[in-house]
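These are my notes on a predicted model. I set out to look up its sheet, its helix packing and its nonpolar core.

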Amino acid sequence: MTIAPSTLSDAQIKSLAARIDRPIVLVGMMGVGKTSVGRKLAQLLSLPFADADEAIEEAAQMSVSEIFERFGEDYFRDGERRVIARLVAEGPKVIATGGGAFVQEETRELILERGIAVWIDAAVETLVDRVKRKDTRPLLRGGDPAEIIARLKAEREPFYAHAPLKVMSGPGPQGETLRRVLEALDQWL
Ligand code: S3P
């Protein structure tokens, strides 16, 4: 992913990186690009990157789908909360969370208290288009992905809105989203 033009200079990115004293936690719907934008953001800011779903899979030695199938969503949410608590306690880094994490009260409180939450939002059509690329999401099985995404987005928006920062991700290249996240952080910190 290349960063979109007319963005912050190297010096501005350095100055921003020096001001980051807490984890940056990306929240928002599945398919919005938290992992790909987060990875690139971490690289630009010279911070470690962690994907919460990957960390859960590593801890459980099982895929997210398998956890849902064998133990159910509540069990997954409990593991997710514990993994995110560990990640946010590790200091400055970029963390991409799964789409439901910030909807859980305890997990949300934890993130709001110890990190800088950035809500990446996108139109339903953009999300539907992006989730088509991966069929590993248990919540999209057994129904029409477009309907499920639209319903979950409507249900979850009031929770995502607790994040102090919000950026939109358009249907185009994610370099633009990355630029918006950097600018939002630069203004906030
Ligand atoms: C979920 C989103 C997934 C994953 C799990 C549940 C959700 O992560 O945590 O399948 O509740 O929206 P992504 O947002 O990375 O797809």
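Which residue of β4 stands opposite Val27? I looked it up and found Trp119. The strands concerned, β1 (residues 24–27) and β4 (residues 116–121), run parallel and are joined by four bridges.

I then followed the sheet as a whole. It is open and consists of five strands with parallel pairing, in the order β2-β3-β1-β4-β5. I noted β2 (49–51) and β5 (165–168) at the edges; each has a single partner strand, so one side of each lacks a neighbour in the sheet. On average, neighbouring strands are turned by 20° against each other, direction ignored. On this sheet packs helix α3 (residues 52–60), which touches β2 and β3 (94–96). I recorded an angle of about 70° between the direction of α3 and that of β2.

Next I turned to a helix pair. Helix α5 (residues 73–88) packs with helix α6 (residues 105–114) at an angle of about 5°, the axes lying 10 Å apart. Angles under 35 degrees count as roughly parallel, and α5 and α6 are therefore roughly parallel to each other. From α5, the contact draws on Arg81, Ile84, Ala85 and Val88; from α6, on Glu106, Thr107, Leu110, Ile111 and Arg114. I sorted the residues of this contact into five nonpolar, one polar and three charged.

Last, I examined the largest nonpolar core, which has 57 residues. Those with the most contacts inside it are Ile24, Leu41, Leu45, Ile149, Val181, Leu182 and Leu185. For Leu41, I left aside neighbours within four places in sequence and listed contacts with Ile24, Val94, Leu178, Val181, Leu182 and Leu185.

How values were computed: Residues are numbered from 1 along each chain as its sequence is written. This is a predicted model: local features need pLDDT of at least 70, side-chain atom pairs count only at pLDDT 80 or more; totals for chains, interfaces and linings use all residues. Side-chain values use heavy atoms; hydrogens and water are left out. Axes are lines fitted to C-alpha atoms, for helices over the stretch in contact, and angles run from 0 to 180 degrees between N-to-C directions. Helices (H or I, at least four residues) and strands (E, at least two) are DSSP runs, numbered from the N terminus. Angles under 35 degrees count as roughly parallel, over 145 as roughly antiparallel, 65 to 115 as roughly perpendicular and the rest as oblique. Contact means heavy atoms within 4.5 Å. Ala, Val, Leu, Ile, Met, Phe, Trp, Tyr, Cys and Pro count as nonpolar, Asp, Glu, Lys and Arg as charged, and the others, Gly among them, as polar. A nonpolar core is a set of buried Ala, Val, Leu, Ile, Met, Phe, Trp, Tyr and Cys residues joined through side-chain atoms within 4.5 Å. Buried means under 20% relative accessible area, exposed over 50%, partly exposed in between (1.4 Å probe, protein chains only). Two strands pair if DSSP finds at least two bridges between them.
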